[in-house]
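Open your viewer and get the selection tool ready.

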Amino acid sequence: MSAPERAEMAESTTLSSYADPYKLRKENILEPPTSWRGALKFLGPGMITSAAVVGSGELITATTLGAKVGFILFWLVFVSTFVKVFVQIELARFSISTGKPAITGFDETSPKIAGHGWMAWLVLSMFIQFVIGQAGVLSAAAFAFSSLIPIVGDPLSFTSVGVWVFILAAVAIGVHWFNRYSMLEKISTVLVLVVTFFSVLAVFLLLGTEFSWTVSDIAAGMRFQIGAGAAGIALAMFGMTGVGAGEVTTYTYWVVEKGYAAWSGPNDGSEAWVNRARGWIKVMKLDAWVSWFVYTISTVAFYVLGAAVLHPQSLEPSGNEVMTTIASIFDNIFGQIGGTLFLIGAGVALFKTILANVPGFARLVTNTLSVFGAFDWKDSSKRDAWMRATMVILPLAWAILGTVAKSPLALVVLAGILNAIFLIGVAICTLQLQKNQTDPKVKDGSVFQVFLIISAIAIFAVGVYSLWGQIQGLIG
């Protein structure tokens with residue numbers, strides 16, 4: 001190992017850029033921190049996950065749900081985000097134990113179909129979702145920025161929004177062209193903290209206005225009750241808030257590229273490996289819970305905005321109307337600067353999701369293609385080239401669809417069905433990989449196992465409910 005390589009490994013809290021994170025070698029071994037303060041220095045993957053989570057799902061969905069039912073389901077925000085973390089942690093534990101990302105593991109699950117795991121075939125079919133899934137988020141971000149700085153003509157015109165869509169797509173491609181984990185982590189951390197601060201500030205700015213919320217409102221929302229006719233909304237909220245199947249899966253790539261698996265080293269069956277792996281898994285769990293706290297705070301803030309501002313007025317806007325409605329209210333209360341600040345924050349929150357999902361979906365796509373023989377995943381140069389190409393193709397596809405495809409109904413319905421099945425598959429495969437591949441010596445005890453099973457059942461149930469809803473919509 002050269003002197004520059006040794007120096008980078010000694011000073012960095014992220015795996016050296018000279019090392020391949022997907023190859024476990026003894027020379028990359030690093031002892032885990034033994035204190036909380038030391039562990040905090042090695043956090044980061046969760047911030048990328050938070051960047052993906054706190055976007056359209058929270059800004060638009062949580063706000064809309066608060067507008068529909070008020071504070072009555074406030075408690076469900078905490079439950080829905082909390083329960084899903086255990087599957088996220090367990091799948092990441094598998095990756096640290098084996099050095100394999102999620103899709104590689106999915107390809108090794110049973111039953112096999114034509115030599116590949118059934119879940120790998122499902123992920124291959126999910127390419128439809130990967131191509132169209134973020135088009136709406138990109139166009140919503142462009143909508144917010146166009147409202148602030150129209151490029152051509154009216155701020156909401158097809159031309160102005162369309163230009164902004166391609167500007168944001170170009171920025172996303174430029175940011176990710178170098179395909180560096182460390183850069184992604186830093187950008188995600190800054191944007192997540194900015195959006196979290198913005199969302200909390202927006203909530204507290206309501207105090208002293210006609211839309212002020214009170215402690216009694218919060219207390220009423222923590223009674224663990226569901227109002228009449230709100231059961232369907234509650235299930236929808238459980239499925240839409242917190243980490244989803246995509247974030248749970250891509251988290252495994254971030255923990256590997258951060259270095260947790262490489263620092264643990266190859267599993268040689270020794271007690272030293274067990275201690276290192278358990279130590280880095282402990283850091284990963286802290287990382288997952290810190291990110292849970294961050295995106296839960298943002299989700300809570302957006303839900304309160306809907307419950308406090310929109311619900312009392314019986315306003316239930318959807319899509320981009322959520323942003324313009326709340327922006328106009330802040331505009332009326334605090335002057336033009338209030339609505340402007342809200343739109344800036346909304347645009348950044350939505351675009352942050354794109355920045356996190358471009359490299360995340362690129363890894364899912366390229367890893368899936370590799371297990372089907374397109375290239376050797378262990379070949380770092382080929383892997384990097386495939387990732388770069390995908391990180392150009394995806395934003396361009398989203399930009400085109402977000403601009404010209406107003407309602408690609410058949411694709412949207414199919415994507416919804418596939419996403420529901422993907423939720424079910426992730427829950428099943430996580431338990432299967434834990435049983436068959438994760439080293440028993442690095443597993444947690446029975447209490448964690450109980451929560452993991454509850455988490456898997458909850459995610460499975462949401463997938464089944466979502467699938468049934470998609471089928472009913474298709475038939476009806």
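A residue counts as buried under 20% relative accessible area, as exposed over 50% and as partly exposed in between, with a 1.4 Å probe and protein chains only. Select F361: at 10% relative accessibility, F361 counts as buried. This is a predicted model, where local features need pLDDT of at least 70, side-chain atom pairs count only at pLDDT 80 or more, and totals for chains, interfaces and linings use all residues. Residues are numbered from 1 along each chain as its sequence is written, and side-chain values use heavy atoms, with hydrogens and water left out.

Stay on F361 and show what surrounds it. F361 lies in helix 18 (residues 336-371); helices here are DSSP runs of H or I with at least four residues, strands are E runs of at least two, and both are numbered from the N terminus. Leaving aside residues up to four places away in sequence, F361 touches F130, Q134, L394 and W398, where contact means heavy atoms within 4.5 Å. Now pick M391: its C-alpha is 8.3 Å from that of F361, and the two residues are 30 apart in sequence.

Zoom out to the whole protein chain. It has 21 helices and two strands, and buried residues make up 55% of its 476 residues. Of the contacts between residues at least 6 apart in sequence, 83% join residues at least 24 apart.

Next, select helix 3 (residues 45-53) and helix 14 (residues 245-258). Their axes are 8 Å apart and the packing angle is about 150°; axes are lines fitted to C-alpha atoms, for helices over the stretch in contact, and angles run from 0 to 180 degrees between N-to-C directions. Helix 3 and helix 14 are therefore roughly antiparallel, a label for angles over 145 degrees, while under 35 is roughly parallel, 65 to 115 roughly perpendicular and the rest oblique. On the helix 3 side, the contact uses P45, G46, I48, T49, A52 and V53. Helix 14 brings E247, Y251, W254, V255 and K258.
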